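Subject: The structure we talked about

Hello,

Here is the structure for you to look at. Please open it next to this email and follow along.

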Amino acid sequence: MKDKVTLTEQYVIVGEVSKSLQIDLNYIKNNVVKNYSFDECQNPSDFSYRKDYYNLSDDVNLTWLTDYIRDHYNLEHKKTPILMERAGLFLPQGKSINYHNHIDSYDLIGSPYMSCIYTVDCGEEPSYVIFEYSQGRLQDKKYKIKLKKNQYVLFSSELKHEITENKNKKPMINLSLKFEFKL
């Protein structure tokens, strides 16, 4: 049998951060809320997905969280992701985030390889991240994952994804992390 060479790969990895990592989720939550309150969005254009992505202040809890994700990915997959960018996602009741991906068509080299959604806080009514993908004869396929507190979802940055409507009275708070790999 001949060797198989994989030319492209699209993936989704779901994990939970260990309770032994003593990060202060309330501090991270307040970081997102503060930057949302001061309208610190990454791009105010109605045509940019970054209008729903808010800057974050430096914080040791964010560092510990990203280090945890990096180290666990490296342990399992023998590649070290390098954090490129981070943002807070604040979804009040009735808010969703439309389909988008994290590839900049005008800066492919500067685009991330892997993205992550980490759920800081969510309510009882479920919200989902839905991925849209196509490969060969598989066209316009969808895959959904229920968002849960303290859970991360790693995925190929070129995957189109959306976060469904927050049906809870309290806001849903997530982090968006983007990584590159040194080749």
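Which strands does H2 lie across, and at what angle does H2 run to E9? H2 lies across E1, E2, E4, E7 and E9. Its angle to E9 is about 50°. Contact here means heavy atoms within 4.5 Å. Axes are lines fitted to C-alpha atoms, for helices over the stretch in contact, and angles run from 0 to 180 degrees between N-to-C directions. Helices (H or I, at least four residues) and strands (E, at least two) are DSSP runs, numbered from the N terminus.

Some ground rules before the rest. This is a predicted model, where local features need pLDDT of at least 70, side-chain atom pairs count only at pLDDT 80 or more, and totals for chains, interfaces and linings use all residues. Residues are numbered from 1 along each chain as its sequence is written, and side-chain values use heavy atoms, with hydrogens and water left out.

**The five-stranded sheet**

Start with the open sheet of five strands. Its order is E1-E7-E4-E9-E2, and the pairing is antiparallel. Two strands pair if DSSP finds at least two bridges between them. Strand E1 (12-16) and E2 are the edge strands, and each pairs on one side only. Neighbouring strands of this sheet are turned by 20° against each other on average, direction ignored.

Now look at strand E4 (residues 114-121). Eight of its eight residues are buried. Buried means under 20% relative accessible area, exposed over 50%, and partly exposed in between (1.4 Å probe, protein chains only). E4 pairs with strand E7 (residues 151-156) in the antiparallel sense, over five bridges. Find Ser115 there: Phe155 in E7 stands opposite. E4 is also joined to strand E9 (residues 172-181), by seven bridges, and these two run antiparallel. Met114 has Phe179 in E9 as its bridge partner. Thr119 has Asn174 in E9.

H1 lies across E2, E4 and E9, and runs at about 95° to E9.

Gly15 lies in strand E1. Is Gly15 buried or exposed? Gly15 counts as buried, because its relative accessibility is 14%. Gly15 and Ile69 are 54 residues apart in sequence, yet 9.1 Å apart in space, C-alpha to C-alpha. Leave aside the neighbours within four places in sequence, and Gly15 is in contact with Asn150, Gln151 and Tyr152.

**Two positive phi values**

Most residues other than glycine have a negative phi, and most peptide bonds are trans. Asp39 also has a positive phi, near 55°. Asp39 is found in the loop between helix H1 (25-37) and helix H2 (60-77). Asn150 is buried, with a relative accessible area of 9%. Asp39 is exposed, at 53%.

**The four-stranded sheet**

There is also an open sheet of four strands, in the order E3-E8-E5-E6, with antiparallel pairing. E3 and E6 stand at the edges with a single partner strand each, so one side of each has no neighbour in the sheet. The twist averages 15° from one strand to the next. Strand E5 (residues 128-135) and strand E8 (residues 160-163) run antiparallel and are joined by four bridges. Phe131 stands opposite His161 in E8.

**The largest pocket**

Last, the largest pocket. On a 1 Å grid over the protein atoms alone, a pocket is an open set of points where a 1.4 Å probe fits, with protein on both sides within 12 Å along at least five of seven lines. Lining residues have an atom within 4 Å of a point. The volume is about 400 Å³. Grid points are joined across faces, edges and corners, and a volume is the space filled by probe spheres set on the points. The lining has 15 residues, and Glu9, Tyr11, Lys79, Tyr113 and Phe181 lie nearest the centre.

Best wishes
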